[in-house]
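Here is a friendly walk through a structure, from single residues to strands, helices and a pocket. Please keep the sequence and the 3D view at hand while reading.

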Amino acid sequence: MELQVTNSPFNQEQVELLNRLLPTLTEAQRTWLCGYITALQGTAAGIATVAVPSSQISLAPVAPAVSKDVTVLFGSQTGNCHGLAKKLSKQLEEQGFQVTLSSMSDFKTNALKKVENLLLLVSTHGEGEPPDNAISFYEFLHSKRAPKLDHLAYSVLALGDTSYEFFCQTGKDFDKRLEELGGKRLTPRVDCDVDFDEPAAEWINRVLQSLTELTAAPGTAAPTAISAASLSASAESEYSRSHPFQAEILENLNLNGRGSERETRHLELSLEGSNLQYEPGDSLGVYPENHPQLVEDLITAMDWRGEEAVATDKNGTERPLREALLRHYEITVLTKPLIEQVAKLTGNSGLQELLSAGREAELRAYIQERDLLDLVQDYGLKGIAASEFVTTLRKIPARLYSIASSPSAYPDEVHLTVRTVRYEAHGRNRYGVCSVQLAERAQIGDKLPVFVQHNPNFKLPANPDTPIIMIGPGTGVAPFRAFVGEREESGAQGKNWLFYGDQHFSTDFLYQIEWQRWLKDGVLTRMDVAFSRDTDKKVYVQHRMLEKSKELYQWLEEGAYVYVCGDEKRMAHDVHAALTAIIEREGGMSPEKAAEYVSLMQQQKRYQRDVY
């Protein structure tokens, strides 16, 4: 049908122009023109609607406004990403966005195809693995069931530790996979080291700015920027990761008996006046000091002066070099990013060769169990100015320890269980920075800079009648002392079963008297122990679990929660395998069904791990 003066509101000249133009337009041009005219109609009075027959032009609505619905998903092992996700969600809501906040394990994957704006915060656990509450979502997204996400705008914040080879690997994997599925980045991914407050704040501000620009009407005010300090601030206390509390040491004793190959310190710290609050399952962050002798050896090796002023933060705050190396900079761990920065700063040919392609295995081997003193001595770095060299160093990270006390049983106190680390490597004695400080230099009356690290992924059941099974060899027993103590104080009626192991019964039975009292009083329902060096054949906690498989499975069927704390590389994997084998055998299930049973327990938060 051709336009005419008689069948349209146009005059002859307009009709002739339109009849020449319309047949030449592509589908995209017609759609654009229709949207343009409609937009003009909405903003300028008196503009008439063009009545073009459908045979001549495909009418299309104006492109819909970008959705103000935002989904924030987090995958978190120790609670850092969870905390950041909550603060991000609050900021978004204050800007008028409708926010869905969820852990990845709780998110319904079939809803992903409906999400238009996705903000994903995830840590990397172990050697490049997803944290426990991200595993199911990670596997879904990397499976053939994952939907196309051409409609998705997303951004990823990745938390990690550059001392690990696969730094922020989980975040990198998510970022890559979302792009493969058709998603478009709202802002670039940001990878954060252990000192994550500043880069995380920058990412949040960029995300807020981008979303606001996409969704706001012209003239809308820019969102208020969030500061790094506000990310770690606590609603309950003025003290946080970026502003630690100076906690006085009330007690510091060795739990191991005479003749033990191990030294395990029990520390009691005062929180009086801090208003710091914690729950069983949380951790305490302790900022350690480097060993004074290592600091002096490093200063001597570099021909530095200990009194020289150097910057200790991005704001240019200066302190004497000796103090900076003692309390502010990490000097006991080598990482690839550190070596890259030192090589760039110094132009050292040996370091550049070590970093060259094809020598990755050699670099990994060199980094293992060496420190900054090794680096400067092995590669002849003497003579580099201290003020320049410290710019390559990262801040000394806090050490997280599972809290070993119930706040109900010990108000205004927090207890820690710390295994002292000492070993020899590359011709020198080595040691754990914090554990040796606590064992050798921390005295009663001294103060330690601390903060509470909340861990919502390792918590007692809400129902006090629920039975619990706790598996914690060595210092992994620490949070279970808090669990049982809390259940005693609250009068919880749920059954409590502890699997505990160490080397020798006579010298290494941590908190033995307390466990025996709780057994006698009926607070601890049962306890199975495994002392690996007391028998010809080494016996570990997973072996005791298998020996008690029928009873353990019965507890599971009664709804028991299972908690695992301790070494991630071996113990946690062996315990997981034993748990799956018990379910398979006692439940008469196939391996696949047993794995589904365990997966369902994780989804229901009946299987929780605090592993490191």
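## Single residues and their surroundings

Lysine 87 has its place in helix α3 (residues 80-94); helices (H or I, at least four residues) and strands (E, at least two) are DSSP runs, numbered from the N terminus. This is a predicted model, in which local features need pLDDT of at least 70 and side-chain atom pairs count only at pLDDT 80 or more, while totals for chains, interfaces and linings use all residues. Residues are numbered from 1 along each chain as its sequence is written, and side-chain values use heavy atoms, with hydrogens and water left out.

How exposed is lysine 87? Lysine 87 is partly exposed, with a relative accessible area of 24%; buried means under 20% relative accessible area, exposed over 50%, and partly exposed in between (1.4 Å probe, protein chains only). Lysine 87 and leucine 231 are 144 residues apart along the chain, and their C-alpha atoms are separated by 7.0 Å.

Histidine 291 sits in the loop between β9 and α8, and at 19% relative accessibility it counts as buried. The C-alpha atom of histidine 291 is separated by 9.8 Å from that of isoleucine 331, 40 residues apart along the chain.

Aspartate 303 has a phi near 60°, a positive value in a residue other than glycine, and lies in the loop between α8 (292-302) and β10 (309-311). Tyrosine 511, also not a glycine, has a positive phi near 60° and belongs to the loop between α17 (505-508) and α18 (512-521). Aspartate 303 counts as exposed, whereas tyrosine 511 counts as buried.

The accessibilities of these residues are set out here:

| Residue | Relative accessibility | Class |
|---|---|---|
| Lysine 87 | 24% | partly exposed |
| Histidine 291 | 19% | buried |
| Aspartate 303 | 58% | exposed |
| Tyrosine 511 | 7% | buried |

## Strand β16 and its partners

Strand β16 (residues 447-453) has 6 of its 7 residues buried, so it is largely enclosed by the rest of the structure. Strand β7 (residues 245-254) runs antiparallel to β16 and is joined to it by 4 bridges; two strands pair if DSSP finds at least two bridges between them. Here glutamine 246 stands opposite proline 449 of β16. Strand β9 (residues 283-286) also pairs with β16 in the antiparallel sense, over 4 bridges, and serine 283 has glutamine 453 as its bridge partner in β16.

## A parallel sheet

Now to an open sheet: 5 strands with parallel pairing follow one another in the order β19-β18-β17-β20-β21. Its edge strands, β19 (526-531) and β21, each pair on one side only. On average, neighbouring strands of this sheet are turned by 10° against each other, direction ignored; axes are lines fitted to C-alpha atoms, for helices over the stretch in contact, and angles run from 0 to 180 degrees between N-to-C directions. Strand β18 (residues 496-502) is joined to β19 by 6 bridges, and the two run parallel. Leucine 498 stands opposite methionine 527 in β19.

Helix α16 (residues 478-490) has 13 residues and reaches 19 Å from its first C-alpha to its last, close to the 18 Å expected at 1.5 Å a residue; the expected span is 1.5 Å times one less than the number of residues. In α16, 10 of the 13 residues are buried, so the helix is largely enclosed by the rest of the structure. Among them are Phe480, Arg481, Phe483 and Glu486. Glycine 491 follows α16 and has a positive phi near 75°.

Helix α15 (residues 433-441) is mostly covered too, with 7 of its 9 residues buried, including Val433, Cys434 and Leu438.

## The second largest pocket

The second largest pocket has a volume of about 920 Å³. Of its 40 lining residues, Asp132, Asn133, Ile135, Ser136 and Gln602 are the closest to its centre. On a 1 Å grid over the protein atoms alone, a pocket is an open set of points where a 1.4 Å probe fits, with protein on both sides within 12 Å along at least five of seven lines; lining residues have an atom within 4 Å of a point. Grid points are joined across faces, edges and corners, and a volume is the space filled by probe spheres set on the points.

Which element gives the most to the lining of the second largest pocket? That is α4, with 6 residues.
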